[in-house]
Amino acid sequence: MTGALVTKPIYVLNGPNLNRLGTREPHLYGATTLAQIEAMCREAAGDTPLHFRQSNREYELIDWIHEAIDEGSAIVINPAAFSFTSMAILDALKMFPGPIIELHITNIHRREPIYHRSYVSLAATAVIAGLGAEGYPIAVQAAKAMVDRSTP
């Protein structure tokens, strides 16, 4: 049945340094703050519950992924630098049964070679890169649609 209400929350998880958006290298990441991005995501989610979180700590992101495994319908994750270093985040994401959208504000493929190989991509259902802050509400809408399509 399509058009069903997504009742389990979508988790929007943000990795290290994203709490500095708006002031951190605005020539790369823009002037939009993480609080503004959260508002954009909540608007895109509509009636769907949404957990929006940020941490500079790898273990905390893993704990939130574990929580999403038990309670969530989808994960939108911008793991930031952990994309390229964290096998532990990859292993946690591989346990998640629903859609996972990996999100990057910049186009990581136009950046330095170290940014070209994301471990998270190995578990992601879809990847959005290079749309700036506008990628977040698009990711939330896409996650809702994916969950809706998979709901009997």
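Is Glu25 buried, partly exposed or exposed, and at what relative accessibility? At 34%, Glu25 counts as partly exposed; buried means under 20% relative accessible area, exposed over 50%, and partly exposed in between (1.4 Å probe, protein chains only). Welcome to a predicted model, in which local features need pLDDT of at least 70 and side-chain atom pairs count only at pLDDT 80 or more, while totals for chains, interfaces and linings use all residues. Residues are numbered from 1 along each chain as its sequence is written, and side-chain values use heavy atoms, with hydrogens and water left out.

**View 1. The whole chain, for orientation.** The protein chain holds 5 helices and 5 strands, which are DSSP runs numbered from the N terminus (helices: H or I, at least four residues; strands: E, at least two). The C-alpha trace spans about 45 × 30 × 25 Å along its principal axes. Of the 152 residues, 47% are buried. Take pairs in contact (heavy atoms within 4.5 Å): among contacts between residues at least 6 apart in sequence, 76% join residues at least 24 apart.

**View 2. Arg24 and Glu25, a salt bridge between side chains.** A salt bridge is a side-chain nitrogen of Lys or Arg within 4 Å of a carboxyl oxygen of Asp or Glu, and by this rule the count comes to 6. Here the Arg24 and Glu25 side chains meet with an N to O distance of 3.7 Å. Arg24 has a relative accessible area of 22%, so Arg24 is partly exposed.

**View 3. Arg53 and Glu67, a link between distant parts of the chain.** These two side chains form a salt bridge at 3.0 Å, N to O. Arg53 lies in strand 2 (residues 50–54) and Glu67 in helix 3 (residues 58–71), with the partners 14 residues apart. Glu67 is partly exposed, at a relative accessible area of 23%.

View 4. Arg111 is buried, with a relative accessible area of 17%, whereas Glu112 is partly exposed, with 45%.
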